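User: Could you walk me through reading this model, one feature at a time? I'd like the general idea each time, then the case here.

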Amino acid sequence: MFVVMSEEDSGENLKDETSYKAENEQKTEELGCSESSEGRQQETVPVTRKRPEPKPPSQPAVTEKPAGETIKVSDPPAVQTGWGYWGSWGKSLLSTASATVATVGQGISNVIEKAETTLGIPSPSEISSESKDGVRGSENPAASNADAADDGSSFPIAGALEVLSTISTAVQSTGKSVISGGLDALEFIGKKTMDVIAEGDPGFKKTKGLINRTSTLSQVLREAKEKEEQQTATEVTMATEKKAHYGLLFDEFQGLSHLEALEMLSRESESKVKAVLNTLSGEKLDTLKEEMEQLKEAFSLPEFFEEEEEEKKGDEEFTKEVTELFSELHISSTPDKVITVRTSAHEWVAQFNSSLPKEEKENEENQEVESRDGDQDAKKSVEDIHAFAIRSLAELTACSIEMFHKTAALFLYGQKQEVTATDRAKSLSQLTIMLCKELSAFSKEFTTCLTTAGVKEKADVLNPLITGVFLEASNSASYIQDAFQLLLPVLQISLIEARTELSQ
Amino acid sequence: MEPRWQYQFRVIMLGDSTVGKSSLLQRYTEGIFLDTVNQTVGVDFYVQFVELEPGLQVKLQFWDTAGQERFRSVTRSYYRNSAGGMLLFDITNRTSFESIRQWHQEVTDTIQPFRMVFLLVGHKSDLAEQRQVGQREAEKLAASLGVQYVETSAKDASNVVQAFRMLTVAIYQALQTGQLVATEAWDGVKSSIPLPVLPKAQALEKEEKWKRCSC
């Protein structure tokens, strides 16, 4: 996932945003809540908080104007627009996160920006303008919905930019190594952000650590997981900690192992490709290089760009599309596991949503006298939702990576090729987009559940949970995209083999 | 959530196609037996926790490799990071028994300078009437390879837990005696605690226990 956004990109994004504005507003009425509303709410409504009502007529007598206003401004601009168009996802996610946690920890937006700078943006001035664009990009739709004055104060732009200039100079000296390690750096955004929230450490220690990294993705993840394991060992008392550790869960679902195995296949193929290229010269080499270039293009970002923004897919649609795309690969394997995981998670969310009206009544009854028991119940359910969300993200990601690993193995050892490597790459890139879109849809649904269930929660309880879901979803998407990239050398080998078959 | 573990051993399943590597693992880790199992593609993963002695949790991470020849060059790259290897043959399939030496040799050569603790497993012991490989013969091969031998059946679950325990104990003992050394650069063994050195007597006692299991 790339955070750096060209002007063209942001222009495109803005267009999308405008065209979806109407829909956003509508959705806002339905969902009526988001993580950014929490941030604002804390400024405007420090004490009382009420879950926005899904049905306006059922709005009880206890009117809360501030809450009502919050509903209006509450559509998560970045979320609504970035979702679906995967290329901007990382970006929007990050600005969303900064908005979300602005009230929780001053540090977080800076950290996110810091992490962004480690992706290889060369000069301080550029970083500033980039990030301005980015923030503005996600802010605009909000501005059109809310009044502008409110907007300025709710986003921590000034603070972020101020810190940015300091950061960028610090990062500059190590700029080159950062660029090559861009992907690795991205995976760390989530983890590091959370680290900083936890430790309140605004220093560069962490970022510097990841800059020097040369290890593979699975190594990085394994280290992160092992760290988490150590942490959980010392903090066993905290139920949420234990239940909702993405890294541990991802490993439990064998995501790490499949990733490691996929990396092995990828590395092996890579060295084979090099060996073959070394034996060729002249015209043969040129032709092959050209074909490999075409193949590479199928792996590049612009390919994803063609995908139009779509409405949320129904269960059947997703199943059908994934199955179709997968069958285009012509391998003796199915994406059943991914589909099952995805379907059951959606069922969970649907069940949660259908159980809402009941809960609402209970809440109304308890509204005046908020018993401690009631508070505890709400807290528990928020944590349950969070745990389930993290678990689902980890499982879907692990299954996706398993799918890619199996695909790679079959590509390498399939006998006859009925499809060209480039066609396979195209199908796979479509699959990758679909999976990433799913992840973003998931995070949206889960955070909606969280905000709905956690209406009585304090921001410092709810916001980290919401941010956690968004960040892990973003992480998940980058793992999947990395796994997809690992397939390139594998398909290069198939391409070379197909050519040899032809010439024989 | 998984229990906390003191050790993680990576174990690789080896042997010809259709000898029942995946079935044995499914019986062991999930307690199930399916008459038809999908052919393994590349490698699959299983996890099982074993309490070797009270308070000593070991996480076994299995790399269930495809036995098919066409996957061989892939599976080869998985050998290096394994602490244990289960060499499986099908007692009703003579050829699979005859491949064992080759499997053992290939792995031993590939993982140099590292070592691996092996266990020879004669699988499908429930099909005794179709037996093509005698127990004595298999024991002889095991002895010549310097490994232990056990006969198992995923179908009737006989000796399954024992077999995995034998291998786990053997790996653990290899660690105690320094035959295997857990290092940063090698993923075969992970330890969340510093390696304890057992008193000799205790080690001997354990060895006896394990001998009783293996019969």
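This is a predicted model: local features need pLDDT of at least 70, side-chain atom pairs count only at pLDDT 80 or more; totals for chains, interfaces and linings use all residues.

User: In chain B, what share of contacts between residues at least 6 apart in sequence join residues at least 24 apart?

Analyst: Two residues are in contact if their C-beta atoms, placed from the backbone, lie within 7 Å. Among contacts in chain B between residues at least 6 apart, 73% link residues at least 24 apart in sequence. Residues are numbered from 1 along each chain as its sequence is written, while chains are lettered from A and ligands numbered from 1 in the order in which they are written.

User: How many helices and strands are there in chain B?

Analyst: Helices (H or I, at least four residues) and strands (E, at least two) are DSSP runs, numbered from the N terminus. Chain B has 7 helices and 7 strands, and along the sequence they come as β-α-β-β-α-β-α-α-β-α-β-α-β-α. Chain A, on the other hand, has 25 helices and 0 strands.

User: What does the predictor's confidence look like in chain B?

Analyst: pLDDT is the predictor's confidence in each residue, from 0 to 100. Chain B averages 88, and 88% of the residues score at least 70. Watch residues 197-205 of chain B, where pLDDT stays under 50 and the model has 3 contacts beyond four places in sequence. Residues 211-215 of chain B also stay under 50, with 7 such contacts. For the complex, the predictor gives an ipTM of 0.82 and a pTM of 0.65.

User: How do I read a helix pair, and at what angle do H1 and H6 of chain B cross?

Analyst: Two packed helices are described by the angle between their axes and the distance between those axes. The axes are lines fitted to C-alpha atoms, for helices over the stretch in contact, and angles run from 0 to 180 degrees between N-to-C directions. Under 35 degrees counts as roughly parallel, over 145 as roughly antiparallel, 65 to 115 as roughly perpendicular and the rest as oblique. In chain B, the axes of H1 (residues 21-30) and H6 (residues 160-176) come within 9 Å and cross at roughly 95°, so H1(B) and H6(B) are roughly perpendicular. B:Leu24, B:Arg27 and B:Tyr28 from H1(B) meet B:Val160, B:Val161 and B:Phe164 from H6(B). By class that contact has 5 nonpolar, no polar and 1 charged (Ala, Val, Leu, Ile, Met, Phe, Trp, Tyr, Cys and Pro count as nonpolar, Asp, Glu, Lys and Arg as charged, and the others, Gly among them, as polar).

User: And at what angle do H18 and H24 of chain A pack?

Analyst: H18 (residues 282-298) and H24 of chain A pack at about 10°, their axes 8 Å apart. That makes H18(A) roughly parallel to H24(A). The contact of H18(A) with H24(A) has 4 nonpolar, 3 polar and 1 charged residues.

User: Is B:Asn159 buried or exposed?

Analyst: A residue is buried if 20 or more other C-beta atoms, placed from the backbone, lie within 10 Å of its own, exposed if 12 or fewer, and partly exposed in between. B:Asn159 has 21 C-beta neighbours inside 10 Å, so B:Asn159 counts as buried. In chain A, A:Gln254 has a positive phi near 70° and sits in the loop between H16 and H17. A:Gln254 is buried because 22 C-beta neighbours lie inside 10 Å.

User: How many residues of chain A are in contact with chain B?

Analyst: 19 residues of chain A are in contact with 11 residues of chain B. Helices H15 (239-243), H16 (246-252), H17 (255-279) and H23 (372-413) of chain A each supply at least two residues of that side of chain A. By class, that side of chain A has 9 nonpolar, 5 polar and 5 charged residues.
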